[in-house]
Amino acid sequence: MDNTSQILERSAEQFAGKRVLLVNPTADSLTVQLPAQWHVWTWDYAVWLGLNAQLDAEHLSFSHQCPEVGELEAAVLVMPKALERAEYALAQIAPLLQNGCPLYLVGEKKGGITRAEKLMQPYAKYAEKLDSARHCQLWRAAVNGQAAPFVLAEWQKQFTLEFSDQSVELVSLPGVFSHGRLDEGSQLLLEETKPLPKGKVLDFGCGAGVLATVLARRNPGTQFELVDVDALALYCATQTLQRNGVEAEVYPSDGLSDVHGRLAAVVSNPPFHTGIKHDTSIAERFFEQVTRNLLPRGELRIVANGFLKYPALIETHIGPCQVLRENNRFKVYSAIAPG
């Protein structure tokens, strides 16, 4: 089990037999080994896939919003990697708890759990640290029952991006990649005006949907599909597309797990970190697998930090790698599948 699950298991008496909301867990055996009436909310599609065999649809939710679970006796939030995502989750969890009900926050010390007391302050008079082990901490607070109802619109950021050929209305939520702004890598990729091949195009790791929105308008012969592992990103991408009048299909996928059919092109600002660590394994697996989805002469076009050793991987799995555009931090790569 994950370290956070192990520290929860050390305090099993806090949860045994109770109706507990568990938020942002890892996909391990905690809900099987620790006997409680678990209701799980995750925004991570990979976790949802991993827990699907353990919990039915009534007790497992993959969504950008917390399910309305009644008569809770406790709630546990596993600390997200983004502090603002923790605030977003707590604002939804706290209104579901009656006055005096325990709210727990667990996480790794290097992952932000040391801020637990401050995070829980709006919802409780005080918070106490129950345990510290395996580089993790477990905190508990009795909620004051005064949390305001959650209003999604109050957490959304809506802003306009100006490009040389168009304006884009973007919607984002806390923890979605580059929340509230256009990141430098995506901006560089969108400065490249070379047309995409006509046909079905995949935006891999779509975030709030800016790449697909801009490129679909520039390339009218394309039909975009957008995938991401994050439920909040998928919601934001859907909203962004709708506000800009772009029709596209949006759905969850763990890597390319749910992507079917052949593609004329794949565009991406691929993730290269997991949690708080830099991790290229997601992109490496992507390069290995994407060839099965690319049509002959289909194009892979990505942007990445220049220090990442992507060209060799791209050429190994797809074909000759060309640098379309670069600055002092990022490079836009293009490769054409054989055929």
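Reader: Which residues of H7 are buried?
Author: This is a predicted model. In H7, the buried residues are Val-210, Leu-211, Ala-212, Thr-213, Val-214, Leu-215 and Ala-216. That makes seven of the nine residues of H7, so the helix is largely enclosed by the rest of the structure.

Reader: How do H6 and H7 pack, at what angle?
Author: Helix H6, residues 184-191, and helix H7, residues 210-218, pack at about 10°, and their axes are 11 Å apart. The two are therefore roughly parallel to each other, since angles under 35 degrees count as that.

Reader: Which residues make the contact?
Author: From H6 there are Ser-186, Leu-189 and Leu-190, and from H7 there are Val-210, Leu-211, Val-214, Leu-215 and Arg-218. By type, six of the contact residues are nonpolar, one is polar and one is charged.

Reader: What else does Val-210 touch?
Author: Leaving out residues up to four places away in sequence, Val-210 touches Leu-161, Phe-163, Leu-170, Leu-182 and Leu-190.

Reader: And the largest nonpolar core, which residues touch the most other members?
Author: That core has 71 residues, and the ones touching the most other members are Leu-21, Leu-77, Ile-93, Val-210 and Phe-224. Helix H8, residues 231-243, gives the most to this core, with eight residues. Another core, of 24 residues, lies apart from it and includes Val-227, Leu-263, Leu-308 and Tyr-333.

Reader: Why would nonpolar residues collect like that?
Author: In soluble globular proteins, nonpolar side chains tend to be buried together.

Reader: New topic, H9. Which residues are buried there?
Author: In H9, residues 281-290, they are Ala-283, Phe-286, Phe-287 and Val-290. These cover an arc of only 95° around the axis, which puts them on the same side of H9.

Reader: What covers them?
Author: The cover includes strands E10 (199-204), E13 (263-268) and E16 (294-305), along with helix H10 (310-317).

Reader: Is Asn-24 buried or exposed?
Author: Asn-24 is buried, with a relative accessible area of 13%.

Reader: What about Arg-134, where does that one lie?
Author: Arg-134 is in the loop between strand E6 (124-133) and strand E7 (136-143). Its phi is also positive, near 50°. Arg-134 counts as partly exposed, at 39% relative accessibility.

Methods
Residues are numbered from 1 along each chain as its sequence is written. This is a predicted model: local features need pLDDT of at least 70, side-chain atom pairs count only at pLDDT 80 or more; totals for chains, interfaces and linings use all residues. Side-chain values use heavy atoms; hydrogens and water are left out. Buried means under 20% relative accessible area, exposed over 50%, partly exposed in between (1.4 Å probe, protein chains only). Helices (H or I, at least four residues) and strands (E, at least two) are DSSP runs, numbered from the N terminus. The arc is that of the directions from the helix axis to the C-beta atoms. Contact means heavy atoms within 4.5 Å. Axes are lines fitted to C-alpha atoms, for helices over the stretch in contact, and angles run from 0 to 180 degrees between N-to-C directions. Angles under 35 degrees count as roughly parallel, over 145 as roughly antiparallel, 65 to 115 as roughly perpendicular and the rest as oblique. Ala, Val, Leu, Ile, Met, Phe, Trp, Tyr, Cys and Pro count as nonpolar, Asp, Glu, Lys and Arg as charged, and the others, Gly among them, as polar. A nonpolar core is a set of buried Ala, Val, Leu, Ile, Met, Phe, Trp, Tyr and Cys residues joined through side-chain atoms within 4.5 Å.
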